[in-house]
Amino acid sequence: QVQLVESGGGLVQAGGSLRLSCVASRNIFSINVMGWYRQAPGKQRELVATFTSGGRSNYADSVKGRFTISRDNAKNTVYLQMNSLKPEDTAVYYCNLRIVTPDGYDYWGQGTQVTVSS
């Protein structure tokens, strides 16, 4: 019912910045959470940051102070501003939409590669 399209990934040097964008195919009117996850080779997918429809954000400890998540509901878009990137940030980053009410259903984007060189 909803398609998510990520953009903004790429190759950067340590200390650099990237801004990821995720656009949903339609407005989301129900209670929901949009966020970013990442997965490195041989690792499980892990939470990076979330932003609820109520305006609350959460971050993984590893990215606090460096990454900022934001939403523009008029544009059906969630962003992830990534500063002070480290090699350990290298992963495929996935946009996630969780419809909390009534479905409890997850939608995922295709992923965008972020590679940070030292």
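There is an open sheet of 4 strands in the order 1-3-8-7, with antiparallel pairing, where strands (E, at least two residues) are DSSP runs numbered from the N terminus and two strands pair if DSSP finds at least two bridges between them. This is a predicted model, in which local features need pLDDT of at least 70 and side-chain atom pairs count only at pLDDT 80 or more, while totals for chains, interfaces and linings use all residues. Residues are numbered from 1 along each chain as its sequence is written, and side-chain values use heavy atoms, with hydrogens and water left out.

At the edges of the sheet are strand 1 (4-7) and strand 7 (67-72), each pairing on one side only. Strand 3 (residues 18-24) pairs with strand 8 (residues 77-82) in the antiparallel sense over 6 bridges, and Cys22 has Val78 in strand 8 as its bridge partner.

Turning to the rings, the count comes to 2 aromatic pairs, with the rule that rings of Phe, Tyr and Trp (its six-membered ring) pair if their centres lie within 6.5 Å, planes under 30 degrees apart being stacked, over 60 edge-to-face and the rest tilted. Tyr37 and Trp108 form an edge-to-face pair, 5.2 Å centre to centre with 70° between the planes, and this pair links Tyr37 in strand 4 (residues 32-39) to Trp108 in strand 10 (residues 105-108), 71 residues apart. The centres of Tyr105 and Tyr107 are 4.9 Å apart and their planes stand at 70°, so that pair is edge-to-face.
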